[in-house]
Amino acid sequence: MPGTVLLLAASPVGRGCLVDAASVLPVLAAVAPPVLSGTETANVVELADPLEPQAVLTRLRAAATAPGPLTMFVTGQLQLDRRQRLPHLALARTTPATVRYTAFPWRWVADELRLRPPGSTTVFVDLHADTDTWEFLAGRPLTAGPSTELYGRVAPPPSRRTVAQPAYMRAVATLLRSGHRPSPDQLHQQALTRIAGEENSRPGAADLVLAPGRAWAGQPWPPAPEFTTVTAPPHAPARPPHLPHPAVPPPAPSMPSASSVQLPGQAGRRGGSVSPDPHEEITAAVRDGRHDDAFALAARWEREALRTHGAGSEPVLHWMEVRADLAMFAGDAERSCRGWLALAANRLDAGQAPGAPEVESAVDRAHHQWGRIDDPARARELGAELARLRQRVPGRREGALDHVRRQLSQLQTQT
């Protein structure tokens, strides 16, 4: 049965804007609809900076009554109306004085989703709150109804004259761009891990993190000093839906920047037919449990990008990141750690600064995966490399290098 996806990004125009919500929509829209929804096919509805609450309600109601799974991605800011003191999603025309009339009441989300079957609705949110709303939510965690799985974060007000970025939702979209859709809980945890450096470098309170049955206020992510997830699932994640093998081989995938390029060794075999996105074949392999095939295909595209664009080019760095993510999805922490270390080193060799967000993110993810390696010998080997890299890229979490050194010291005592 087809799924439904609702992409909603809203924030006021002018000085009242706390977050550049609409900036994440192009990244989400670049993800294949089946990956957004977790179904074989999906209908996607996009709302960018809507003006009227009724227009949002109409789209939400249509999505809520559609058969099949529903996934919502909501980015924006929350404000309280002055009379009832209830949270609203601020729209383009919203001001503090007109919240009651120009913003979308958050309770309408729960109202419209309340009749949907349990387990059929997932909502990801990346919301920023003004001062009043932040204080309100401290004692009343945000919900979307008892039958809806709500994941995401509510961030405190940014500094004055600063417009924040939807880092959590951008991390969700970037993970999905790999072509693989992990379980919602895994996707949520991985996105939070990716933005840990951003939160720790920001002054003030930590985010309010949302997940089914859990809400944390003022908790760092990942927690220091272990650099591992807080809410590790109690059992192995469910296998993704099986995608049957096609009756005929799929057409050769195309590089995003050069659609006429074919995979090495495939020239002339398929009549010049190309698919619009090489990630689709990788997605099929991952969902079918063929992680090695997915990894090999990404590696071949990396080699082709290296031949076409040269070392240090963005296409090469992109495919290195895809391979590191694929290893993580496959549960191969050692391979994933090696991938992130190599990516960080390549970015540095390409002239990127040690404090560049992409460099810090790669080292942070290598650090995270290193903590999951079970083999002491492999952990010692990669830990020494990570420590050398941490000297150049300490990251924004205080004590990261000290943590690596302490863990290495403990590993030296293990045989």
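Although Asp49 is not a glycine, its phi is positive, at about 50 degrees, and the residue sits in the loop between strand E2 (42-48) and helix H3 (53-65). Helices here are DSSP runs of H or I with at least four residues, strands are runs of E with at least two, and both are numbered from the N terminus.

Arg85 is another residue other than glycine with a positive phi, in this case near 60 degrees. Its place is in the loop between strand E3 (70-80) and strand E4 (87-89), and its relative accessibility of 39% makes Arg85 partly exposed.

## Basis of the model and the chain as a whole

The model is predicted, so that local features need pLDDT of at least 70 and side-chain atom pairs count only at pLDDT 80 or more, whereas totals for chains, interfaces and linings use all residues. Residues are numbered from 1 along each chain as its sequence is written, and side-chain values use heavy atoms, with hydrogens and water left out.

The chain has 16 helices and 11 strands, and 51% of its 415 residues count as buried. Among the contacts (heavy atoms within 4.5 Å) in the chain with a separation of 6 or more, 69% come from residues 24 or more positions apart.

## Thr121 in strand E6

Thr121 belongs to strand E6 (residues 121-129), and its relative accessible area of 1% places Thr121 in the buried class. The side chain of Thr121 is joined to that of Arg116 by a polar contact of 2.6 Å; such a contact is a pair of N or O atoms within 3.5 Å, where within protein one must be able to donate a hydrogen and the other to accept it, and residues adjacent in sequence count only if both atoms are side-chain atoms. When residues up to four places away in sequence are not counted, Thr121 touches Leu70, Leu113, Arg116, Ser147, Thr148 and Glu149.

Helix H8 (residues 184-194) is mostly covered, with 10 of its 11 residues buried; among them are Pro184, Asp185, Leu187 and His188.

In helix H10 (residues 279-287), the buried residues are His279, Ile282, Thr283, Ala285, Val286 and Arg287. These buried residues of H10 pack against helix H2 (33-37), helix H11 (291-309) and helix H12 (314-329). H10 is followed by Gly289, which has a positive phi near 80 degrees.

Two packed helices are described by the angle between their axes and the distance between the axes. The axes are lines fitted to C-alpha atoms, for helices over the stretch in contact, with angles from 0 to 180 degrees between N-to-C directions. The axes of helix H13 (residues 333-349) and helix H15 (residues 376-392) come within 11 Å and cross at roughly 25 degrees, so H13 and H15 are roughly parallel; angles under 35 degrees count as roughly parallel, over 145 as roughly antiparallel, 65 to 115 as roughly perpendicular and the rest as oblique. The contact involves Glu334, Cys337, Arg338, Leu341, Ala344 and Leu348 of H13, together with Arg378, Glu381, Leu382, Glu385, Leu386, Leu389 and Arg392 of H15.

Helix H14 (residues 357-370) also packs with H15, at an angle of about 155 degrees and with the axes 11 Å apart, which means that H14 is roughly antiparallel to H15. On the H14 side Val363, Asp364, His367 and Trp370 take part, and they meet Ala379, Leu382, Gly383, Leu386, Leu389 and Arg390 in H15.

## Two residues of H15

Ala379 lies in helix H15 and is buried, with a relative accessible area of 4%. Apart from neighbours within four places in sequence, Ala379 is in contact with Trp370, Ile373, Leu408 and Leu411; the C-alpha atoms of Ala379 and Leu411 are separated by 7.7 Å, while the two residues are 32 residues apart along the chain.

Gln391 is also found in helix H15, but its relative accessibility of 53% makes Gln391 exposed. Not counting residues up to four places away in sequence, Gln391 touches Leu401 and Arg405.

Terms used. Buried < 20%, exposed > 50% of the residue type's maximum accessible area, 1.4 Å probe, protein only.
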